[in-house]
Amino acid sequence: MEENKDMKNEELENDDIKDETIVEDSETSENQGDNVVENNDASEEASENIEAAEEDQEELTNNQEEENKKLREELDTTKDRLLRLTAEYDNYRKRTIKEKEGIYSDAYIDVLKEIIPILDNLERAVAADGNIDDLKKGIEMTIKGCKDSFVKLGVEEIDATGEFDPNLHNAVMHIEDENLDKNVVAEVFQKGYKKDEKIIRHTMVKVAN
């Protein structure tokens with residue numbers, strides 16, 4: 001009897017152990033299932049993150065391409081504008097040079113028109129027969145014609161009376177003379193001329209004191 005009782009107890013214990021093993025296996029299976037679900041969720045999240053990153057990268061690439069296209073268009077526009085400005089400046093420079101040459105030519109012609117008659121008078125005076133008085137009279141007429149030409153050209157004789165002015169006069173000699181004031185023009189060696197405010201030639205003078 002006692003042996004049968006012990007055997008039954010052992011069987012009961014074995015049954016309990018089997019039940020515990022089944023429970024543990026079941027819990028392990030449940031844990032493994034949870035792990036699989038968690039892994040699947042992580043994989044889906046990673047996939048979503050990758051897709052989002054790829055979309056961001058694609059959008060960034062598109063934006064960069066659009067920006068590069070815009071910059072290229074602006075660069076082409078700037079180059080075109082620069083080329084036009086360069087061509088316009090070159091045309092302006094050529095036109096200005098031509099206009100200056102025309103102005104100089106016109107000025108030369110105006111001056112020569114006034115000088116040529118003086119040369120004509122001098123040649124006629126040399127070729128003419130006559131005495132010294134006639135020659136002197138011809139020279140005086142030539143001088144008058146020259147002065148008239150200066151008036152037409154706007155050329156004036158520089159005033160050399162009074163105080164010495166270094167802007168108008170060129171002092172080539174200095175004297176002491178108590179009859180004259182300090183720093184005055186004592187004598188003119190060569191007349192000077194100007195046109196408007198531009199000096200053509202300074203008056204060559206002697207300065208006193």
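Reader: How do the residues of the lining of the second largest pocket divide by nonpolar, polar and charged?

Author: This is a predicted model, where local features need pLDDT of at least 70, side-chain atom pairs count only at pLDDT 80 or more, and totals for chains, interfaces and linings use all residues. Residues are numbered from 1 along each chain as its sequence is written, and side-chain values use heavy atoms, without hydrogens and water. A pocket is an open set of points on a 1 Å grid over the protein atoms alone, where a 1.4 Å probe fits, with protein on both sides within 12 Å along at least five of seven lines; lining residues have an atom within 4 Å of a point. With Ala, Val, Leu, Ile, Met, Phe, Trp, Tyr, Cys and Pro as nonpolar, Asp, Glu, Lys and Arg as charged and the others, Gly among them, as polar, the lining of the second largest pocket has 5 nonpolar, 5 polar and 3 charged residues.

Reader: Which strand gives the most to the lining of the largest pocket?

Author: Helix 2 (132–153), strand 4 (193–195) and strand 5 (198–201) each supply at least two lining residues there. The top contributor, with 4 residues, is strand 5.

Reader: How many charged residues are in the lining of the largest pocket?

Author: The lining includes Phe-150, Lys-195, Lys-198 and Arg-201. It has 7 nonpolar residues and no polar ones, and the charged residues number 3.
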